[in-house]
Amino acid sequence: MSNELIVKKKEIKATEKIVENIKSILEFYGALGFEMLPIKCLSLVKTNDQSDKLFDKGSLLKYLRKEIGDCNRCRLSKGRTNIVFGEGNPDARLMFIGEAPGREEDLQGRPFVGDAGRLLTRLIEKMGYKRKDVYIANIVKCRPPMNRDPEKDEIEICKVFVEKQIEIIKPVVIISLGRISAQTLIGNDRLKMTSIRGNFFDYKGIHLMPTFHPAYLLRNPKDKWLTWSDAQKVLERLKGIKG
Ligand code: SF4
């Protein structure tokens, strides 16, 4: 192959890379509801190997957090102390999604850190993981007043962020914690926890296992074994899917 041809091929590859990067930037901001592209992000378009680093999952999650900013897209912004974005391993195979931050989470800006959080941590460890191995988030990112359930319009506005987190992380399995998380991810607000928990659903090609919220289990400890049986099904599913 002539030198000229090799150079041409390299140029075509570099151009393809730029187009790919621009496409993912447009998709990323489009999914967040932006109609115009923030001009600064064009500097992210690089042709060298650095571009892969800029688009790793951790960086994308950081961009997403930045785009949420000091959000006041819904009324939950009024009573919150901190936005609780989520935390954990951006490359996690397993993701836990609850409904909304509580008092302790709101104060610390971290998901599942109160009594219910300690129970969730015990479940994660019983499954053979550490908190840092999995990713933990909520459907809405701000605490509803008096820990009430998030309302439909609040969920509708905020859920784009958790959808984006899932899209970036691409876990193998999601465990949804509680009714609201399951109903939101399955897209049916008539579903009852008792009839759906313990069964796998499909969320955009990802295995979704609804189980009880740890706060419910603190009030109803006799049902803990049901959540453990759901977790065992998840472990079996994870074992069966490599990569
Ligand atoms: S709950 Fe979500 S949409 Fe509402 S203010 Fe908080 S981050 Fe914004």
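User: What makes the contact between Glu87 and Arg131 a salt bridge?

Analyst: In this predicted model, the closest N and O atoms of Glu87 and Arg131 are 3.0 Å apart. The criterion asks for a side-chain nitrogen of Lys or Arg within 4 Å of a carboxyl oxygen of Asp or Glu. The pair therefore counts as a salt bridge.

User: Which parts of the chain does the pair Glu87 and Arg131 tie together?

Analyst: Glu87 belongs to strand 1, whereas Arg131 is in the loop between helix 5 and strand 3 (135-138), so the link spans parts that are 44 residues apart in sequence.

User: Why is Glu87 called partly exposed, and why is Arg131 called buried?

Analyst: Buried means under 20% relative accessible area, and exposed means over 50%. Glu87 has 21%, so Glu87 is partly exposed. Arg131 has 17%, so Arg131 is buried.

User: How do you know that Arg75 and Glu154 form a salt bridge, and where do the two residues lie?

Analyst: Their closest N and O atoms are 2.5 Å apart, which is within 4 Å. Arg75 is in the loop between helix 3 (57-68) and strand 1 (87-88), and Glu154 is in helix 6 (residues 152-169). The two residues are 79 residues apart, and the pair links distant parts of the chain.

User: Are Arg75 and Glu154 buried or exposed?

Analyst: Glu154 has a relative accessible area of 0%, so Glu154 is buried. Arg75, at 39%, is partly exposed, since its value falls between the limits of 20% and 50%.

User: What makes Lys222 and Asp223 a salt bridge?

Analyst: The N to O distance between their side chains is 3.8 Å, and the limit is 4 Å. The pair therefore meets the criterion. Lys222 is exposed at 58% relative accessibility, while Asp223 is buried at 11%.

User: How do you know that the ligand sits in the largest cavity?

Analyst: A molecule sits in a cavity if more than half of its atoms lie within 2 Å of the cavity's grid points. The ligand is assigned to the largest cavity by this rule. About 100 Å³ of space lies in the largest cavity. Its lining has 13 residues, of which Cys71, Cys74, Lys141, Cys142 and Cys158 are the closest to its centre.

User: Which residues surround the ligand, and how do they divide by class?

Analyst: The shell consists of Cys71, Arg73, Cys74, Leu76, Ser77, Arg80, Lys141, Cys142, Ile157 and Cys158. By class, the shell has six nonpolar, one polar and three charged residues. Cys counts as nonpolar under the classification used. The lining of the largest cavity itself has nine nonpolar, one polar and three charged residues.

User: Why is Cys158 called buried, and how far is Cys158 from Cys74?

Analyst: Cys158 has a relative accessible area of 10%, which is under 20%, so Cys158 is buried. Cys158 is found in helix 6. Cys158 and Cys74 are 84 residues apart in sequence and 7.8 Å apart in space, C-alpha to C-alpha.

User: What lines the largest pocket, and which elements contribute two or more residues to that lining?

Analyst: The largest pocket holds about 580 Å³ of space. It is lined by 27 residues, and those closest to its centre are Glu99, His213, Ala215, Tyr216 and Arg219. Two or more residues come from each of helix 4 (103-108), helix 5 (115-126), helix 7 (179-186) and helix 9 (214-219). Helix 9 provides the largest share, four residues. By class, the lining has eleven nonpolar, seven polar and nine charged residues.

User: Why are the phi values of Phe112 and Lys204 pointed out?

Analyst: Most residues other than glycine have a negative phi. Phe112 has a positive phi of about 50°, and Lys204 has a positive phi of about 45°. Phe112 lies in the loop between helix 4 and helix 5 and is buried at 4% relative accessibility. Lys204 lies in the loop between strand 5 (201-203) and strand 6 (206-211). At 64%, Lys204 is over the limit of 50% and is therefore exposed.

Technical notes. Residues numbered from 1 in each chain as written. Predicted model: local features only at pLDDT ≥ 70, side-chain atom pairs only at ≥ 80, totals over all residues. Heavy atoms only, no water. 1 Å grid on protein atoms, 1.4 Å probe; cavity = no way out; pocket = protein on both sides within 12 Å on 5 of 7 lines; lining within 4 Å. Points joined across faces, edges and corners; volume = space filled by probe spheres on them. Near = heavy atom within 4 Å. Buried < 20%, exposed > 50% of the residue type's maximum accessible area, 1.4 Å probe, protein only.
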